[in-house]
Amino acid sequence: MKTPPIGLWNVDAAIEPLPGGHRNIAFRTSGLDQDLVFKTTRRSEDALRWLIPVWDAVEHAGCAVPRLMTSRNGVFCEQGWTCEPYFRGTHLPSDKMTTLMPIIKQMHLACATLPQRPGFSSATDLITRNSGGDVDLTTMPQDLVATCRTHWAGLTDLAETAIHADITPTNTLALPDGRIALLDWDEARKDAAIFDLGPLGAGEHKLARLAWEVACSWTLEPDHAKRLAAYLQR
């Protein structure tokens with residue numbers, strides 16, 4: 001199995017695989033005063049550094065973030081790996097996810113003027129573009145692409161801001177100090193806020209959000225994407 005170059009972060013510790021990742025390989029250390037998580041990434045250094053003001057906004061709103069740590073070379077990404085602190089806590093239950101709503105709305109307000117994340121596209125960008133982030137519409141059946149674009153067209157009047165884009169109970173932790181941590185910023189981009197607010201209880205534009213999940217999963221999680229596509233095209 002591919003393992004991370006932990007020495008580039010001046011780390012000397014035992015590591016073990018972390019389960020659960022569908023798109024990335026992850027390891028955690030053990031025995032350190034502050035244990036660490038190493039993950040594979042497909043993102044550029046510029047795309048990773050775009051996250052810094054977003055993390056600032058989330059922390060200002062009272063949420064914890066496992067910020068990426070720079071290597072001894074001063075970069076976030078080394079040989080396709082990143083490093084971040086390992087947080088201990090318990091995942092929020094589904095019925096408590098709404099407690100994140102004020103934090104996420106404050107983040108959206110603070111990040112409204114950020115440019116698009118390097119290498120990414122918003123849903124409305126993809127009405128005329130073919131790719132961005134994990135989406136490559138050229139790999140999908142054209143009738144399915146047309147369906148997705150029809151649903152994304154309903155977002156054109158909505159303001160865009162930086163979004164986490166994958167808010168689920170497994171990407172949250174209730175920490176011992178009482179804060180909530182928001183994990184896994186891999187899919188973050190600039191897009192309509194509803195992509196974050198939908199999972200927190202806002203019901204608008206459900207099909208546009210489902211179309212995004214289909215498109216961004218098509219090549220990386222094809223079985224999952226095809227199951228959702230069957231529902232989307234009913």
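**Ground rules**

I worked on a predicted model, where local features need pLDDT of at least 70, side-chain atom pairs count only at pLDDT 80 or more, and totals for chains, interfaces and linings use all residues. I number residues from 1 along each chain as its sequence is written, and side-chain values use heavy atoms, with hydrogens and water left out.

I take helices (H or I, at least four residues) and strands (E, at least two) as DSSP runs, numbered from the N terminus.

**Entry: Asn-24**

I began in the loop between strand S1 (14-17) and strand S2 (26-30), where Asn-24 lies. Is Asn-24 buried or exposed? I found Asn-24 buried, because its relative accessible area is 19%. The cut-offs I use are under 20% for buried, over 50% for exposed, and partly exposed in between (1.4 Å probe, protein chains only).

Next I listed contacts, meaning heavy atoms within 4.5 Å. Not counting residues up to four places away in sequence, Asn-24 touches Thr-40, Thr-41, Arg-42 and Asp-186. I also checked the spacing to Arg-42: it is 18 residues from Asn-24 in sequence and 8.7 Å away in space, C-alpha to C-alpha. A polar atom of the Asn-24 side chain sits 2.8 Å from the backbone oxygen of Thr-40. For a polar contact I need a pair of N or O atoms within 3.5 Å; within protein, one must be able to donate a hydrogen and the other to accept it, and residues adjacent in sequence count only if both atoms are side-chain atoms.

I moved to the loop between strand S7 (160-163) and strand S8 (172-174), which holds His-164. His-164 counts as buried, because its relative accessibility is 0%. Which backbone oxygen lies 2.7 Å from a polar atom of the side chain of His-164? I found that of Leu-183. Leaving aside neighbours within four places in sequence, the contacts of His-164 include Met-107, Asn-171, Asp-184, Trp-185, Glu-187 and Asp-196.

Ala-165 is in the loop between S7 and S8 too. I noted a positive phi of about 80 degrees there, although Ala-165 is not a glycine. Ala-165 is buried, with a relative accessible area of 16%.

**Entry: Glu-187**

I followed the contact from His-164 to Glu-187. Glu-187 lies in the loop between strand S9 (180-182) and strand S10 (189-192). Its relative accessible area is 14%, so Glu-187 is buried. Neighbours within four places in sequence aside, Glu-187 is in contact with Arg-23, Arg-117, Phe-120, Asp-134, His-164, Ala-165, Asp-166 and Cys-216.

**Entry: Gln-79**

I looked up another positive phi. Gln-79 has one of about 55 degrees and is not a glycine. Gln-79 lies in the loop between helix H2 (51-60) and strand S4 (81-85). Gln-79 is exposed, with a relative accessible area of 61%.

**Entry: Phe-195**

I found Phe-195 in helix H5 (residues 194-197). Phe-195 counts as buried, at 7% relative accessibility. Leaving aside neighbours within four places in sequence, I list Ala-123, Leu-155, Ile-163, Arg-189, Ala-208, Arg-209 and Trp-212 as its contacts.

**Entry: H6 with H7**

I turned to helix pairs. At what angle do the axes of helix H6 (residues 206-217) and helix H7 (residues 222-232) cross? I read roughly 150 degrees, with the axes coming within 8 Å. That makes H6 roughly antiparallel to H7. Axes are lines fitted to C-alpha atoms, for helices over the stretch in contact, and angles run from 0 to 180 degrees between N-to-C directions. Under 35 degrees counts as roughly parallel, over 145 as roughly antiparallel, 65 to 115 as roughly perpendicular and the rest as oblique.

I noted among the contact residues Leu-207, Leu-210 and Val-214 of H6, and Ala-225, Leu-228 and Leu-232 of H7.

**Entry: H4 with H6**

The axes of helix H4 (residues 142-152) and H6 come within 8 Å and cross at roughly 140 degrees. That makes H4 oblique to H6. From H4, I found Leu-144, Cys-148, His-151 and Trp-152 meeting Leu-207, Ala-208, Ala-211, Trp-212, Val-214 and Ala-215 in H6.
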